[in-house]
Amino acid sequence: NSGVELSIGAAIVAQKALSWDVVFTIAYNKNIVKNFNQVPIETALVNGQGVSGATAQRIANNQPTNVYYLKQFNGFDDNGQQIISDQPVYAGDPNPAVIAGFSSTLRHRNLMLTFNFGGAFGYKIYNNTYNTVTNISNIKSGRNVSASSFDTKESLSGGVAASTRYL
C-alpha cells in the first residue's frame, strides 16, 4: 500500500456554552500485490441463477488486491445472445483510490449534535443483484426482471454469465 492522507480541523466557535468544530479528511491510496510468486487465488464467489460457482475477483502479482477478473462483455449479437470473451481479463480495481470524510460537532451546553459524511471514489463494484435480475430470460419462468432489460437487444433465450457487464 502507498498513499497520503490530509486532515484539516477547526474550532469555528469556542465559547463556554457554545462550540462548533469541523474536520475534513481526504486520503489517496493505491495498493498493488508484489512478490506474490504463486498461482493466482480466485476470490469473490458470484451467486444467483445460472452463475453459482463463478468467481469475479482474484489475488495476483502486480495487480490491485482482489482485482476484478471477469470475461469481457461486448454487447449482443444479431440473435440477442450476449457476446462474452472466452477468457477472463483484469477488469478493474475494487479498492477506492480516494476516501474522503467530513465531520461537524455543534454543542450548546449539555446538548451535542454530531454529523458525519463519508465517500469513496475511483473504484468498481460488481452488481451481483443486477446480474440476477437483468437476464430477460427469467421472465419465462415468472421471476422478477429489471425494467431496463426490456431496453436491450437481449433474447428471451439468452443465458446469464458473470462478466464485465455488471461492473
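**Notebook: aromatic pairs and positive phi**

I looked up the aromatic rings and found that the structure holds six aromatic pairs. I counted rings of Phe, Tyr and Trp (its six-membered ring) as a pair if their centres lie within 6.5 Å, calling planes under 30 degrees apart stacked, over 60 edge-to-face and the rest tilted. One of the pairs is Phe115 with Phe117: the ring centres are 5.5 Å apart and the planes stand at 70°, so I noted the pair as edge-to-face.

This is a predicted model, in which local features need pLDDT of at least 70 and side-chain atom pairs count only at pLDDT 80 or more, while totals for chains, interfaces and linings use all residues. Residues are numbered from 1 along each chain as its sequence is written, and side-chain values use heavy atoms, with hydrogens and water left out.

**Accessibility of the Phe pair**

Phe115 is partly exposed at 35%. Phe117 is exposed at 57%. I also noted that Phe115 and Phe117 form one aromatic cluster together with Phe102.

**The Tyr pair**

Next I looked at Tyr130 and Tyr166, an edge-to-face aromatic pair with 6.1 Å from centre to centre and 75° between the planes. Tyr130 lies in helix H1 (residues 128-133) and Tyr166 in the segment after H1, so this pair ties together parts that are 36 residues apart in sequence. For helices (H or I, at least four residues) and strands (E, at least two) I used DSSP runs, numbered from the N terminus. Tyr130 is partly exposed, with a relative accessible area of 34%. Tyr166 is buried, with a value of 2%.

**A charge over a ring**

I then found Arg58 over the face of Tyr69, at 3.7 Å from the ring centre. My criterion was NZ of Lys or CZ of Arg within 6 Å of the ring centre and within 35 degrees of the ring normal.

**Positive phi**

I went on to the backbone. Most residues other than glycine have a negative phi. Ala44 is not a glycine, yet I read a positive phi of about 60° for it. Ala44 is found in strand E3 (residues 41-46) and is partly exposed, at 28% relative accessible area.

Asn66 also went into the notebook, with a positive phi near 55°. I placed Asn66 in the loop between strand E4 (54-59) and strand E5 (67-76).

Notes:
Buried means under 20% relative accessible area, exposed over 50%, partly exposed in between (1.4 Å probe, protein chains only).
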